[in-house]
Amino acid sequence: MNQLIISAATEGAAAANPLAPNLWEMGVVLAGFAVLFYIVVKFVVPMFEKTFAERAEAIEGGIAKAEKAQAEASAALEEYRQQLTDARAEANRIREEARAEGAQILAELKAKAAAESARITEQAHAQIESERQAAVVALRAEVGTLATTLAGRIVGEALDDDERAARVVDRFLAELETQSAGAAK
Amino acid sequence: MIALALPAQDSGTFTPPGIEEMHLPAILPWGAHDGFSKQMLLVILSVVIIATFFILAARKQQLVPGKLQFAGEMAYGFVRNSIAKDIIGGRDFMKYVPLLFSLFFFILVNNIYGAVPLLQLPSFSHVGGAYVLAGIVYVTWIGIGIKKNGLKYFKLATVPSGVPWYILPIVIPIEIISNFLVRPVTHSLRLFATMLAGHLIVMIAGSGIEFLVMQENVLLKGTSVLVLAGAIAMYMLEALIMALQAYVFTLLTAIYIEGALHAESH
């Protein structure tokens with residue numbers, strides 16, 4: 001081995017001059033680098049780039065998805081707000097209508113009640129008047145009979161003479177009427 | 001370093017390791033000086049390490065990454081965004097991510113070997129690999145320039161706009177030399193030289209410590225501690241440079257590609 005070093009050092013000019021390359025070594029470096037370059041081009045770079053691209057896509061996709069969700073949410077919010085406004089207007093309108101309707105109904109009912117009460121009062125007046133009239137007539141007949149009977153009993157004789165009796169009764173009633181008219185005055 | 005300068009008294013003279021010892025004997029020798037070397041083994045190993053790690057990390061493709069996938073994505077995203085996207089920019093950068101990614105991690109792993117105990121050999125401390133990578137980049141950016149602008153690209157790349165005509169005879173040769181001749185050389189040698197120097201320093205420190213420890217003089221023996229402290233500091237610096245050179249190489253590649261893509265505006 002030692003001999004080899006010495007021989008290489010002394011005999012070989014190539015070994016002594018550091019700038020003179022060993023062709024075999026150059027060949028090995030060239031071949032080695034070519035193999036490495038092939039592996040890098042074929043496997044390493046595509047795999048890393050694929051991972052990077054997928055990662056970028058995942059991140060950007062996530063952002064896009066979030067943006068879409070945000071847009072959807074604000075659209076929904078807008079829609080709900082619109083609906084709420086519509087609903088409020090609708091409610092107001094219905095309330096107004098109801099109020100107006102109620103007032104109208106109330107007025108109608110009042111009018112109807114007033115008319116009814118007026119009618120009832122009228123009817124009652126008429127009935128009372130007619131009953132009074134009937135009572136007066138009945139009373140007049142009854143009082144005549146009763147008075148005649150009573151007078152006959154007191155006098156003790158039958159007052160069969162109808163003509164005279166009717167005259168007496170009529171005179172009596174006329175007196176009564178004048179008395180009651182005087183009392184009413 | 002002070003210790004190294006002290007005259008050796010008893011155990012003969014100190015001979016620091018040189019460039020010759022950068023070349024380890026081949027594991028499987030063939031021919032006079034050639035063979036399957038440790039360097040080659042490490043280069044092949046680096047391809048296996050990088051491919052395995054990133055395929056394992058990228059395989060699951062989960063939206064919420066695990067630890068391994070996260071680490072892979074961080075590493076991939078660094079080259080993709082901090083180098084390719086920031087330098088090349090626009091819609092074009094994705095096409096060049098595989099090249100930049102492969103370059104960065106290929107160089108990084110092969111450099112870091114220099115800081116791994118037992119391995120302790122950055123692959124690019126031999127110039128061949130650096131020539132190969134710089135050559136690939138050279139062909140790539142010139143190819144991009146021609147594809148994008150046609151043969152007019154060479155005019156765009158060498159004749160700067162807005163320069164008075166009487167300066168052009170000076171500027172054009174300078175541009176040709178700097179862009180088409182010096183650029184690939186510096187691109188490769190920058191990587192190679194930093195790795196070589198770093199490796200050499202570690203070797204010198206190691207042999208220096210060994211030499212001093214062997215001294216019979218106790219005081220002289222004690223100075224090996226100083227060298228050890230210096231070696232550790234250098235080791236830290238080297239580790240930084242290893243990562244930095246991988247970044248610089250990739251960054252320059254991105255800048256060259258960007259220059260070729262947008263030759264009209266330069």
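Leu118(B) counts as exposed, because there are 6 C-beta neighbours inside 10 Å and the cut-off for exposed is 12 or fewer. Bear in mind, as you look around, that this is a predicted model.

- As background, most residues other than glycine have a negative phi.
- Gln61(B) is not a glycine either, and its phi is positive at about 55 degrees.
- You will find Gln61(B) in the loop between α2 (38-59) and α3 (67-88) of chain B.
- Gln61(B) is partly exposed, because 14 other C-beta atoms lie within 10 Å, a count in between the cut-offs of 12 or fewer for exposed and 20 or more for buried.

**Within chain B: α3(B) and α4(B)**

- The axes of these two helices, α3(B) and α4(B), cross at roughly 115 degrees and come within 10 Å.
- The handedness of the α3(B) and α4(B) crossing is right-handed.
- On the α3(B) side, the contact is made by Tyr76(B), Val79(B), Arg80(B), Ile83(B) and Ala84(B).
- Facing them from α4(B) are Val97(B), Leu100(B), Phe101(B) and Phe104(B).
- Sorted by class, the contact between α3(B) and α4(B) holds eight nonpolar residues, one charged residue and no polar ones.

**Between chains: α3(A) and α4(B)**

- Helix α3 (residues 23-155) of chain A also meets α4(B): their axes come within 9 Å and cross at roughly 125 degrees.
- That angle makes α3(A) oblique to α4(B), because it falls between the range of 65 to 115 for roughly perpendicular and the values over 145 for roughly antiparallel.
- The crossing of α3(A) with α4(B) is right-handed.
- From α3(A), the residues in contact are Phe33(A), Leu36(A), Phe37(A), Val40(A), Val41(A) and Val45(A).
- Their partners in α4(B) are Val97(B), Pro98(B), Leu99(B), Phe101(B), Ser102(B) and Phe106(B).
- By class, this contact of α3(A) with α4(B) has eleven nonpolar residues, one polar residue and no charged ones.

**Chain A as a whole**

- Chain A has four helices and zero strands, in the order α-α-α-α along the sequence.
- Of its 185 residues, 9% count as buried.

Notes:
Residues numbered from 1 in each chain as written. Chains lettered and ligands numbered in written order. Predicted model: local features only at pLDDT ≥ 70, side-chain atom pairs only at ≥ 80, totals over all residues. Axes fitted to C-alpha atoms, helices over the stretch in contact; angles between N-to-C directions. Left-handed = near helix turned anticlockwise from the far one by under 90°. Contact = placed C-beta atoms within 7 Å. Nonpolar A, V, L, I, M, F, W, Y, C, P; charged D, E, K, R; others polar. Parallel < 35°, antiparallel > 145°, perpendicular 65-115°, else oblique.
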